[in-house]
Every structure is written in structure tokens, then in C-alpha cells.
Amino acid sequence: MDARRGAGPRAVPKVRQVGFFTRNPNPNSPSPPSRTRSVPPNSNSPASGNSLSPVMIPPPRHVSENLSYLRTTAAVPVPYSRRIAQEHVTVVGSYNPADSVLGETLSPSFLDDNSDASTTLGWFSRSGSGKLAAASSSLPSGGFDLTAVKFDKFCGLEDKKQSQIPEKIGGVAVEAQNEVPSSSKPNKAKTTKAERRALQESQRAAKAAAKGEGNKSAASSRGAAPAKPQKQPSQKKDDPLVALSIAASDRKGTDRPPEKERKKEVPAPRMQFDDKNRVEKAKKRALVNQTEARNRVELFRHLPQYEHGTLLPDLESKFFQLDQMHPAVYKVGLQYLAGDICGGNARCIAMLHAFQEAIKDYTTPAEKTLVRDLAGKISSYVSFLIECRPLSMSMGNAIRFLKNRIAKLPLTCSESEAKASLCNDIDRFINEKIILADKVIVRHAATKVRDGDVLLTYGSSCVVEMIFLYAHELGKQFRVVVVDSRPKLEGQALLRRLVAKGLSCTYTHINAVSYIMHEVTRVFLGASSVLSNGTVYSRVGTACVAMVAHSFHVPVLICCEAYKFHERVQLDSICSNELGDPNAIAKVPGRIDLDKGTNKENLQHLNLMYDATPSDYVSMIVTDYGMIPPTSVPVIVREYRREYLLI
Amino acid sequence: MWRRSASFILDKYQTTQNEAVPSDSVALLPPLLSASTAVALQNPDFDRNMSMSAYYQTPAAHHGVVKSDWLAQAREAATTAVGPEVAASVRSGRTFSVIEEFNSWRKQPDLAEAVAAIRALAAVIRNSEANTMMELEIELKKASDSLKSWDTTSFSLTAGCDLFMRYVTRTSALVYEDFNSAKSRLIECAEKFVEISSKARRIIAMLSQDFIFDGCTILVHGFSRVVLEVLKTAAQNKKLFRVFCTEGRPNRTGLRLSNELAKLDVPVKLLIDSAVAYSMDEVDMVFVGAGGVVESGGIINMMGTYQIALVAHSMNKPVYVAAESYKFARLYPLDQKDMAPALHPIDFGVPIPSKVEVETSAQDYTPPQYLSLLFTDLGVLTPSVVSDELIQLYL
């Protein structure tokens, strides 16, 4: 914490902090730590915050190029003398090297592109006009996105001094290269205590897992570059995919009971998809043949991103070959992939039903115990489902429940008894946590609908739809505004259903939300999950609607079942998110494709699926335990998490 | 700026003993003498006697001034409606009514509404002819429902009923005992509750002492027994502070409080309700009671609390709420209009034309973001803890 503060009062790039390991590219670089603190006085401007705007999409680079750099990172030595020289320039350049957002991954490209300094210079002078977006997309594909980001920041800082920019360019450009040696140090310093602890724990676990492999020294030397490559494979030994912590931790837990508790406390780090080593490993084990997306968007490289087009037919053709996968699970996976099942509850129920089918057809192989083998089976199903589409947090909770039930099965009970009890448990979970919970939520939320209200909703949430219909049945007089957005246009289906039931509706797109908001009296929103700090993780666009509603003093009600509550804390929507089909946003029916006629290399599409709404914008969360303020989410998690794990 | 310096205390010592109010009081409102206030409350001509600046004299002459004390009238009306003999006859007769029982309890000056409700419910148990626990529970439920529907606007009444019902339905020990002992146990518990609630005020007063420092100025709105207890304790502890009382139109609860405080020799200054923002920069903290504390951590209190909280928030003054924990209610108003309005008549002193509408709501809702701390018998809480406590209590 202190180290972070030491880096200056500017907005530290949390992006890289939260979800990432510090990958130390250059262990033997003796970058002086004092550099981090040598913040030039005018860099204290708060304007630097805008450099991290997730909206800004830096220009592309060749993926292969980038990845190869990743691997060679550690080997690139930096002449010390040159660094000193650059350091000298730094002060002139007036920005803080500590906040290198992308330094760790990208820095090598700067070394190689040293000769391109002139290009950068040219670019800077071109974008001196302030047209940032245009400038960044017109960047040469040679790869100066670090500079692009930097420049953004720089621009923010020096807005008034725009005329001086050309003089300073030299400094900035060289400075960007200077990033290389120093990037490792500040990043390492900025890891929070919790992060370090998590890292330590996972390494300890990895050490235990890799007993006899002789890399014990690796675990102890944390953060050092040589430790990394050894650590990762060892951790992967028994996990087909470490994409979700539940899958990883629980599976291990059943194998090694003493470690279980510890693993539960500290979830294994999520798979970072910009980590090439691990991605390759995961690929080898993967059932599904996934093609990686070529154009990855900066800031979102750590998310799984695959081309959707080729996957479905490929999987369909393999339907009869995959014997280890239960057909019901396979079917659900395909439905996820094709987008036939969407919506948190629907996905969760479909998954649980598939697991129920699988459990019914399950027979314990000889010389194995049901508890362990079935847990392993479920894990493999889960990893298959993850390959089809990343799990939602609610599904993670459901899986955790099921695994817990399996682990808690008494050893004495017979196979048929165990199966029956598990099926019963799943039914109960679906019934109590989803169906009945929805009914309670509807009952609660309907009390907040008065005659003459104008209710706004965004996208299509099944609970919200039920609330509207129930309030309509009660004879309340109200109007509904359905706000929708491209590319999914989920609101249209909702609108159709509501209009068919006789509700008076208004349909608009999210562009008009600030126009429509002044006549709205309540905003009802669904959620994919609600996190411990009250952050609502929901369909992308929700945060925008909530923010507008907040500024218009319209109360925002989030309707969410308590099984979707998660103890995680998330501050932004970058470190954990899901990427949709990037082509979906490029294609507008009746228009020329965005892709057409443009150079594919410097155009990237970012189709995010979720966003995080800060709790300030949420007036109330309607859940099956009643109506609670967002500050009470941790109370519910604390009081009731145990209950449904031990039903 | 006058702040934390005890200058007014020095002023006080310099002035004579009967000048309880600081000398710099506004000319518009002459110092109210503690003895005369009580008389003045009853006296319809009280306002006439006040000296007024020439500017205000003319409009007053035209429109007249507020003469009647609504509270006194209402109290009179209440006493005539439910006479003590009625309650007595009810209790002995077959037609036992919770509401009347409740009203008879409520007349006790020191008894909070929630406590009166619980006493009334205890009386229901006492008079009940039920033979099983289930029957008793149903009877209690009916009684508490009728009590709640009798006055839907009172939050502490609702909260008190809910709390007691919660105890009845939740206490598993009751199931195993025989019926009569369970019954007496419930009555005993109700008695204990009354005891606890009277102790709650003491606890709150003790807790809040750390927040009242010498030389501070406290703004108080409305008449709250808890706040009075807090200030009384502070005065007993020889703290030097002064109090600004709002007038508390229309039932002038502020006058009542200033009367009480003047008896304690605490320097008091009366403000009209609209002078809150004007005098806020002199104020160090705002102390209010609460009619009810809702799930969000906000409070429902006498009309005007919200605007005082807004002003205090914008001037970065802390707003402290003193409320017993039995006022916590599982309600969640989203905005001001989101609750059944408690209406009270407002006397403007002049006939209001029938075409003119009058806002007669008596309560408003203060959202939690404008409150600093809640002093309760559970401890000093931030608003967000209220929901925590409620969840643990009711779920």
C-alpha cells in the first residue's frame, strides 16, 4: 500500500494490479527504486486518470510478435549507461515512469523499435492537434501503443502547454524506451499485501503439488523471473484448466484434504490469457479446438478470446467421438456456445440439470470411490463448459454447492443412495435458490411500484420481467421504458413479451437514456452477480444506465437472487470480464461492414459482455432476503453462504 | 469564526444568572425565560406579547399570528376520547382491545410508542384464553396487525410489534415448556423489554458523551426524549455547550425542548425553522432523534430533519442520530413519497382558501448518506450497520 502511494498521487493503473502477476522481465536490471519516487512536480496533475479509460483502444500489433517478445523478455539486457542517460531525460519529459501500464509486456518492442524513434516523433507532432482517437488508430502497426497510452496521459497533463509538445517529444519518446528497465521494479513494488499473500499461498500449494520435482527453490524466490516458468507448469499438473478458481481449488481439495481449507481461503489465480505458457498448456488438454482471436484489444488480453465461428461446427461434428463427456453436458455446452441459452438463471439451471442427468447415468468405476471420482468428473464437465463459454459467478456458486454436497456425502451410503441424494440436492438448489427466490423478489419489488410510475429497465432480465408482469397483474398503473443496446438487442424480446401482456411500453436505445431519464421514477435492473463491495456486475451498459439514473436522482433497484452474491471484490470491469464475438459489433445490418476497406491490423473490435456498476449508483438491492442496501451484501454473504453450502 | 472557543461561556458568566441565553441573541427572538415558556405555551396570546421588529409587526397585524398550540389541543382531544375509565372498563370487560390498551399505555409520559405497543401485546397474552402456543401466536398476530393498521405511519409502533412477534415465534425454548409457563415467560420478557428500553436511553446518553466537547454548539430539531437525555447527561457532566433549538412548526416541539433545557441551565437559542442554514456555520454538530430507523440506515423523523441534514452535509457538519434499537424497522423507503404519510393539521392562523392545498405530512425521510453516526443502545453505529443488525435480527 505504501509503495503504491509512494509512486505518486496519480491514478495508479489498477488494471494491471488486480488481475495480474507481476511478470518480471529483467531480473538483473538494477533499476533504482528511487526513480519511482522522482516524480516531476507537474506530473501530479489528476488528469492522468484518463489515460486508463477502457474506451481507448490502442492500436494493434502482431500477436505473434508480441508473444515472442514475451518469451524473450527476460533475456534482453539493458545497457546501464543508456538507462542513466534516459533517466536524465525523464525529468524533462515530465511523466511518471511508475505508472507504466503496459510496460511489462510491451517494453521489449520498444527496444527493438528503437530506430523507430523518428516515427514516434512524427506521430506526436501529428497528434499534437489533440485528436487522440484518430491519432491512435492511425498509428503504424509497428507497435507503439505504449507511447499511445503514454501520450494520452501526457496530453492530459500538458493540455495547456500544447504548444510546447513538439519540444518535449524527444524526451517522451526516449522516455518510453526507458520504461524497459524500470518497469519491473515499480510493478513489483505495487503488489498489494493481499496479492502478495495470494501469490505466496498459491506458490506454497504449487510446491506441495510438485513435490519431488526439485523446484522448491522456485517457490521461495517469489517474483523473480526464473521462478515463474517453473511454477506455472507445476501448478497446472492436476488442473486441466485453471480458468476458474472453484474448479481448481475444489478438485485439489478433494485430493488433499489438509490443504483444502487453505485453498478455500485463497482462491487460485484466474487464468490469464496473455500468459502464453499457460495458455499452451491449457490448449493441450482442451477438448475443444479453439482458434485464438487474432486482433486482441489492449487491456483485455488477459481474457479468453476465441473466434466463435469455427468452434460450433467443429464441436458438433465431434459429438459422437467424445465418450468421456456426458451427452447432456455436451448439449448444454453447445447451447452455451451457440447462444441458445443465455441469462444467468437459465444458464445455471441448464447446467445443473445436465449435471443431474450425468449423475443419474454415473457408475463408479472399479477401485474408485464415488466421492472422489464423481468430483473429478464434475470438474472435467465444468472445464468443458468453461471452454464453451466462461462461467458466470452464479454458476460458480452453484458448482461450489454441488461439489460441497459431493464431498459431504457419507462414506457409508450406497451409490444409488448417493446419486439420489445429489439429484435431490440439485433440485432443491434450483427450487429454493432460483425459483422461489425469484418469487420472493417479485413480491418485494412489486411493493415499490406505485400507480403512475414510469419504470425503466435495461436489456432483458427475467426477474425484472416477472416483476413488471406481477405488478401489472396487481392492477397497478405504470408505464415501462425498455432501454436496449446493440449488438444483442435483448430488450426487443422483452418488449415483445411485455406488450403482448398489455403493458404500455416505450422502447429506446441506450443513446437516449439521458433524454428519457427525466420522466422515469424507478429503474429496475437485473444483475449477473453482486460483489462484496456492493459492485453490481451485469450486462454491459448497466453501469451507464445506473449512472444516468443516479445523476437524475432516480432510485436504482437491482433485482438479484442471493445465490449470485459473490465474496469477491472488484473495482472495475477490466480485470474480470467476458469478451463477446468481436465481429458482432462490426456488422450493422444494412450498412457496410466496418471491416471492409480498412486495414485489419489497426482496427480492433471490443465487444465486452459485462460491466461493473459501483455501489454508489445503487439505491437498493432486492434479493430473496428482502430489500437491502448495497452495503449489506457482505452481511448476506457472511451469514448465508455457509447455510447453502451445508443445506 | 466562533468555533470551539468557549467565548459564549465567558459571556454567560459575565451576564446575570437569569439571563440564560447568550447575549448575542438575535433581536427578533428575545430570550425566552424558562418559567414563562410553559405558561406561554398554553397562553394563546403568547405571541402577541413578543417584541417584534417594525417590519414584522405590520404583516403580523394583518394576518394575525399563530395562536393555538396544536399539540396541546391534540393531547386534550386524546384524553377526552379515551378516558381512563374507558380503558379500565375495557380491561375488565369481555371486549378487550389492543388499541385501547396501547393508548392507555401511551399516555404515560416517559413511555416510548414501541414500548407501549409491547406492553399492550403483553396484556393480550395476559387476557388470552388460548390453550396452545399456536393459538396464542395467532391471537398475538391478529392483535399486532390491528395495532399496526391502526397507525400505519408510526414506525416505532410497527417495529415494536414486529420485534415482539419475532421473539414469540423465534424463541425455541418456548416450544418445550408447558403452555402456562411459556405464557408467563413471554409476559416476563415483555416486562424485561420495557426495562431494557428505559435503560437504552441511558446507554445512548453515555455513549454520546464522548462526542460532546466543551464549547460546542449543538443544533437540535424537534423534541426527542433521547436527545434530551443526552443533553441532560452532558449538562450533568459539567460540559459547557450551547444548544440551538429549532422552533419545530407546527407543533412547536422545539419550544418544549428549549423549555426543558432552560430548566437545566443550558444556554439555549431558539431559531425559526427557516433559520437553520443561516446559523449552521456556528453549529458544531446536529443532534436529532428518530421516529424510525429504516433498513438503508436512513431515518424517518419529524418534518424538517431532511433539510437540516442536507444543510449540515453541505457545510460538513456531522449529523448525529440518537435512537433506541427498537426503532429499527424493516422498511426501505426509496424517496420521500415512498411511505404512508403521517398527516397532521397545520394551523396557519388565518383561514386558508379552500383552493389552496396544504402539505400536511409530519415526517420526512433522511437518506443515510447525510447522516454521520447513529447512537443506539447497540453502540455507535454507522448507517450501514443498521441493515446488518436488522438482517441478524429478522432473518
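This is a predicted model: local features need pLDDT of at least 70, side-chain atom pairs count only at pLDDT 80 or more; totals for chains, interfaces and linings use all residues.
A:K419 and A:E415 share helix α22 (residues 415-446) of chain A, where they sit four residues apart, about one turn of the helix. Their side chains meet in a salt bridge, with 4.0 Å from N to O. A:K419 is buried, at a relative accessible area of 15%, whereas A:E415 is partly exposed at 28%.

Helix α22 of chain A also holds A:E432 and A:R428, again four residues apart, about one turn of the helix. These two form a salt bridge whose closest N and O atoms are 3.6 Å apart. Here A:E432 counts as partly exposed, with 35% relative accessibility, and A:R428 is partly exposed too, with 33%.

## A link between distant parts of chain A

Over all chains, the structure holds 24 salt bridges. One of them joins the side chains of A:E567 and A:R400, at 3.2 Å from N to O. This pair links distant parts of the chain, 167 residues apart: A:E567 comes from the loop between β8 (565-566) and α27 (582-586), and A:R400 from helix α21 (residues 393-407). A:R400 is buried, with a relative accessible area of 15%, while A:E567 is partly exposed at 35%.

## Where chains A and B meet

Now to the interface. Chain A brings 20 residues to the contact and chain B brings 15. About 1,400 Å² is buried between the two chains, and carbon and sulfur atoms give 53% of that area. Three residues, A:K448, A:R450 and A:P629, supply 25% of the area that chain A buries against chain B, more than any other three residues.

Five salt bridges are found across the interface, and nine residue pairs are in polar contact. On the side of chain A that touches chain B, the elements giving two or more residues are β11 (626-628) and α28 (633-645). The largest share, five residues, comes from α28(A). By type, the residues on this side divide into eleven nonpolar, four polar and five charged.

A salt-bridge network links A:K448, A:R450, A:R522, B:D335 and B:D338. Within this group, B:D335 pairs with A:R450, their closest N and O atoms being 4.0 Å apart.

## A buried leucine in chain B

B:L231 belongs to helix α13 (residues 225-236) of chain B. With a relative accessible area of 0%, B:L231 is buried. Leaving aside residues up to four places away in sequence, B:L231 touches B:I218, B:V220, B:F241, B:V243 and B:L261. The C-alpha atoms of B:L231 and B:F241 are separated by 9.2 Å, and the two residues are ten apart along the chain.

## Backbone features to look at

Most residues other than glycine have a negative phi, and most peptide bonds are trans. With that in mind, a few spots deserve a look.

The peptide bond from A:R486 to A:P487 is cis, with omega near -5 degrees; A:P487 is placed in the loop between β2 (478-484) and α24 (490-500) of chain A. In chain B, the bond from B:R249 to B:P250 is cis as well, with omega near 0 degrees, and B:P250 is found in the loop between β2 (241-246) and α14 (253-263).

Two non-glycine residues have a positive phi: A:E367, at about 60 degrees, and B:D265, at about 70 degrees. A:E367 lies in the loop between α19 (344-360) and α20 (370-388) of chain A and is exposed at 84% relative accessibility. B:D265 lies in the loop between α14 and β3 (268-271) of chain B and is partly exposed, at 43%.

Technical notes: Residues are numbered from 1 along each chain as its sequence is written. Chains are lettered from A and ligands numbered from 1 in the order in which they are written. Side-chain values use heavy atoms; hydrogens and water are left out. Buried means under 20% relative accessible area, exposed over 50%, partly exposed in between (1.4 Å probe, protein chains only). Contact means heavy atoms within 4.5 Å. Buried area is the accessible area (1.4 Å probe) that two parts lose on being put together, summed over both. A polar contact is a pair of N or O atoms within 3.5 Å; within protein, one must be able to donate a hydrogen and the other to accept it, and residues adjacent in sequence count only if both atoms are side-chain atoms. Ala, Val, Leu, Ile, Met, Phe, Trp, Tyr, Cys and Pro count as nonpolar, Asp, Glu, Lys and Arg as charged, and the others, Gly among them, as polar.
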